[in-house]
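Subject: Structure handover

Hi,

Here is the structure I promised you. Please open it and read my notes alongside.

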Amino acid sequence: MERSIPIVDFGLFLNGGKEEREQIARELDDAFRSVGFVYLRNHGVSRKMVGRCFEWSKAFFDLPLKTKMLAPHPPGGSHHRGYSAPGVEKVSQHKYGVEEIKKDREIPDYKESFESGNVNDSAQPNIWLPEDELPGFKEFMETYFTECAELIHRILDALSIALNVPEPGLSSTHSHSLFQLRLLHYPAIDAEQLSQNKRSRINAHSDFGTLTLLFQDNVGGLEIEDPHQPGAFCPAEPIQDTVLVNIGDLMARWSNDRWRSTVHRVGLPGENRQVDGDRGLGRAVVPDRYSIPVFATANMDTVIDALPSCWDEEGNLKKYEPVTAWGYVQMRMAALYDS
Ligand SMILES: O=C(O)CCC(=O)C(=O)O
Ligand SMILES: [Fe+2]
């Protein structure tokens with residue numbers, strides 16, 4: 001890939017003066033224009049909190065299936081909370097036709113997930129296990145959600161500076177913090193199954209909200225598509241103490257495609273990553289992988305129409321019709337689950 005994913009010191013934005021904040025806004029703008037992804041250091045969610053979240057995630061997924069099924073994800077795509085067992089969800093890339101979605105599901109994503117969101121989100125109430133099945137889990141996830149929501153709002157402040165969006169900026173269009181905290185577990189799998197495309201971990205897709213935070217363990221396997229070479233992917237390696245941030249489709253549209261919503265997937269970890277097992281028998285096993293994406297979207301009534309600094313009447317016309325955040329997200333979500 002021509003340009004790798006930049007690393008930005010977000011502490012300079014959080015704690016710096018006007019000049020430093022403007023500099024970081026420019027760095028984010030560059031990253032999102034060229035690659036659509038950035039690693040943030042000093043992002044304000046402590047190493048300890050991130051570590052604890054991975055521990056909780058493992059504790060949850062280690063529970064027996066029948067216990068996890070006490071917090072089931074409802075059928076259909078409109079209430080995106082609770083537990084989804086391996087093979088239930090299949091991400092798809094811009095495929096809304098029933099036939100296309102069915103065909104896509106023939107290669108199952110081998111992962112399980114648990115979704116939670118804002119405690120005040122009445123449209124999508126959280127779905128928890130009975131407290132005594134995993135005491136403390138709910139409380140921790142609610143706290144983690146709040147810390148991630150704070151980071152998302154600060155990134156939105158930086159993006160507002162980057163695009164000259166006047167005060168109170170993009171953060172105010174996300175004031176309900178309708179975010180989704182997702183725990184993901186990809187069970188250990190034969191490397192051969194992944195390499196021969198019999199199963200995927202997560203198929204190539206772009207995220208459909210405004211932006212996504214992604215915490216990953218150090219197993220690897222995440223890859224992003226080279227914007228200059230469609231179909232060619234390169235690794236987004238785990239980097240200690242950073243969070244990956246990427247632009248989603250809704251923000252790409254809002255920025256009139258100034259920023260990229262880059263297609264990504266999870267498959268076989270790179271050669272330099274760990275693959276356990278007896279290579280002699282050709283039965284290498286890719287270890288379990290855990291990741292924690294947090295998806296942001298705008299308040300549902302927000303009209304997504306090209307931001308003022310992203311278009312003009314001369315060379316750079318508006319490319320898209322206005323759409324509400326609600327209309328857009330529902331359309332994308334319906335493609336995820338069989339209804
Ligand atoms: O597990 C990962 O690293 C990526 C997850 C992802 O892209 C998603 O859930 O949208
Ligand atoms: Fe994604």
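Two residues are in contact if their C-beta atoms, placed from the backbone, lie within 7 Å. Helices (H or I, at least four residues) and strands (E, at least two) are DSSP runs, numbered from the N terminus.

This is a predicted model: local features need pLDDT of at least 70, side-chain atom pairs count only at pLDDT 80 or more, and totals for chains, interfaces and linings use all residues. Residues are numbered from 1 along each chain as its sequence is written, while chains are lettered from A and ligands numbered from 1 in the order in which they are written.

Start with helix H2, residues 18-34. Its buried residues are Ile24, Glu27, Leu28, Ala31 and Phe32. Buried means 20 or more other C-beta atoms within 10 Å of the residue's own; exposed means 12 or fewer; partly exposed is in between. The cover over these buried residues includes strand S1 (7-9), helix H1 (11-15), strand S2 (37-41), H6 and strand S11 (242-247). On the other side of H2, Lys18 and Glu19 are exposed. Just after H2, Gly36 has a positive phi of about 80 degrees.

Next, the ligand. Which residues surround ligand 1? They are Leu184, Ile202, Asp207, Leu214, Gln216, Leu222, His264, Val266, Ser291 and Pro293 (C-beta atom, placed from the backbone, within 6 Å of it). Strands S8 (211-216), S12 (264-266) and S14 (289-296) each supply at least two residues of this shell.

Last, Cys148. Leaving out residues up to four places away in sequence, Cys148 touches Val45, Leu181, Leu213 and Val294.

Best wishes

Technical notes. Expected span 1.5 Å × (residues − 1).
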